[in-house]
Amino acid sequence: MDGIARISSFFLLSVLLQSSLNSSLGSAQSIISAGKMATAGKVIKCRAAVAWEPDQPVVIEEIEVAPPQASEVRIKIVATSVCHSDLYHLLQSMHKDGFPTVLGHEGAGIVESVGSGVTEFQPGDKVIPLFLCQCKECRFCKSPRTNQCERAWTRVRQEIMAGVESRFTCKGKRVHQFMGTSTFSEYTVINQIAVTKIDPAAPLDKVCLLGCGICTGYGAAVNTAKVEPGSTCAVFGLGAVGLAAVMGCKAAGAKRIIAIDINPDKAEKAKVLGATDFVNPKDHNKPIHEVIAGMTNGGVDFSLECVGNVEVMLSALESSMEAWGVSVIVGWTDMYDISIRPRHLICGRTWKGSMFGGFKGKDGVAEMVKAYLEKKVRLDEFITHNMTLDQINDAIELMKNCKCIRAVMTVSPQ
Ligand SMILES: NC(=O)c1ccc[n+]([C@@H]2O[C@H](COP(=O)([O-])OP(=O)(O)OC[C@H]3O[C@@H](n4cnc5c(N)ncnc54)[C@H](O)[C@@H]3O)[C@@H](O)[C@H]2O)c1
Ligand SMILES: [Zn+2]
Ligand SMILES: [Zn+2]
């Protein structure tokens with residue numbers, strides 16, 4: 001009897017313990033879900049780096065982020081990095097109508113809340129914002145010939161590098177959402193067509209790089225140039241975009257990859273990612289396309305310009321084999337024209353441009369996250385600095401002075 005009494009009191013105790021555990025878990029869960037819901041539907045006040053005017057340091061401010069409207073998703077940004085296109089808007093194009101703005105388009109975060117009609121995302125999902133959306137319904141999205149989408153902000157107000165709408169205000173002023181994303185903010189609101197859900201196992205402080213630079217360079221080699229096994233390639237400019245292009249050429253099976261940069265510090269990383277040769281144009285007293293032609297018996301099969309300089313775009317074109325070379329413009333500028341003699345193309349060269357590496361936004365980023373998790377593409381090698389959003393001006397300076405490949409900033413705790 002004693003034994004049975006002991007067993008039943010053990011059961012009673014474990015039932016009691018279990019039920020008290022359940023009730024405390026239950027209350028913890030309701031606190032968590034109450035926490036999730038606490039901000040849903042309300043304006044969030046949070047910190048963001050506001051670029052008030054061109055060519056000035058950005059300022060960490062408290063901004064108001066409106067709740068997501070129909071088809072929109074509000075995202076807590078966890079990590080972000082600086083791409084040269086952020087610097088282009090801040091320091092080069094300096095289009096006054098594009099300010100004040102919150103820069104940043106290479107980021108990753110967690111869905112905080114969703115607007116009406118959103119079924120693809122739920123609070124808690126890990127996501128990457130897309131500067132190039134994919135609505136999956138327009139004639140562009142339905143065509144395999146392009147990764148553009150007819151609903152993209154780029155088709156409306158290209159010069160201010162932002163869409164017409166914004167959910168941000170600061171000190172009573174409306175603030176643009178740069179490239180529709182604005183990842184230099186603790187929270188942002190984006191239409192669901194410009195967000196992609198990613199594998200929950202993905203580390204956000206690494207895969208944030210897939211929001212722009214790495215997909216751009218890698219895809220420019222693989223999707224746009226369509227580099228072939230056994231071919232020769234030349235990559236001009238070895239920032240994250242160019243280094244990712246080197247990685248793409250290698251993945252496509254190129255036998256010779258010539259990496260070109262005026263900064264000799266870039267040589268080592270280029271070799272780690274697959275370059276077979278490094279050329280510094282400053283070491284030569286003849287045009288770089290003549291140097292490349294001399295190294296390759298007339299020119300490379302594929303060349304990629306990843307600088308954003310029209311002179312280099314011409315050099316890249318002329319470095320490709322006259323009879324069949326394919327040259328791809330990846331670097332961004334909207335400030336200068338290019339002119340060439342038609343014969344450079346008539347004899348057989350193809351000149352192409354590549355936006356976001358030819359990847360369709362949602363599909364491409366999710367595919368590249370998977371490739372990273374399967375160790376088929378590298379990201380860690382691109383991260384030279386880890387910082388916080390407070391150090392944003394230091395990160396911009398590093399980029400401006402070519403002292404980093406990518407500086408990843410923690411924006412919010414996960
Ligand atoms: N097409 C797209 O979708 C897309 C997307 C992202 C970035 N971009 C553009 O790609 C370019 C590269 O971006 P990033 O973030 O890698 O920039 P980055 O500043 O990190 O790298 C640029 C590299 O080019 C080198 N360089 C400068 N002048 C050169 C010259 N004359 N010859 C050879 N190398 C030279 C620099 O030393 C540097 O290493 C930028 O123009 C950026 O705006 C385009
Ligand atoms: Zn579309
Ligand atoms: Zn970019």
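**Close-ups of two ligand sites**

**View 1. Serine 354 meets ligand 1 through its backbone.** In this predicted model, a backbone N or O atom of serine 354 sits 2.9 Å from a nitrogen atom of ligand 1. Take ligand 1 by itself and it exposes 870 Å², but the protein buries 91% of that.

View 2. Look at serine 85 to start with: a polar atom of its side chain is 2.9 Å from an oxygen atom of ligand 1. Lysine 266 also has a polar side-chain atom by an oxygen atom of ligand 1, here at 3.0 Å.

**View 3. Four cysteines hold the zinc ion (ligand 2)**. Now hop over to the metal: the SG atoms of Cys135, Cys138, Cys141 and Cys149 coordinate the zinc ion at 2.3 to 2.4 Å. What is the geometry of this site? It's tetrahedral, with angles of 103 to 119° among the 4 donor atoms.

**View 4. The zinc donors along the chain.** Trace the donor residues of the zinc ion (ligand 2) in sequence and you'll find the spacing C-x2-C-x2-C-x7-C. Are cysteine 138 and cysteine 141 buried or exposed? Both of them are buried.

Definitions and conventions:
Residues are numbered from 1 along each chain as its sequence is written. Chains are lettered from A and ligands numbered from 1 in the order in which they are written. This is a predicted model: local features need pLDDT of at least 70, side-chain atom pairs count only at pLDDT 80 or more; totals for chains, interfaces and linings use all residues. Side-chain values use heavy atoms; hydrogens and water are left out. Donors are N, O and S atoms within 2.8 Å of the metal (3.2 Å for Na, K and Ca); water is not among the atoms, so sites may look incomplete. Four donors count as tetrahedral if all angles lie between 85 and 135 degrees; four count as square planar and six as octahedral if opposite donors are over 155 degrees apart and all others between 65 and 115; anything else is irregular. Buried means under 20% relative accessible area, exposed over 50%, partly exposed in between (1.4 Å probe, protein chains only). A polar contact is a pair of N or O atoms within 3.5 Å; within protein, one must be able to donate a hydrogen and the other to accept it, and residues adjacent in sequence count only if both atoms are side-chain atoms. Accessible areas come from the Shrake-Rupley method with a 1.4 Å probe; for residues, only the protein chains shown count as cover.
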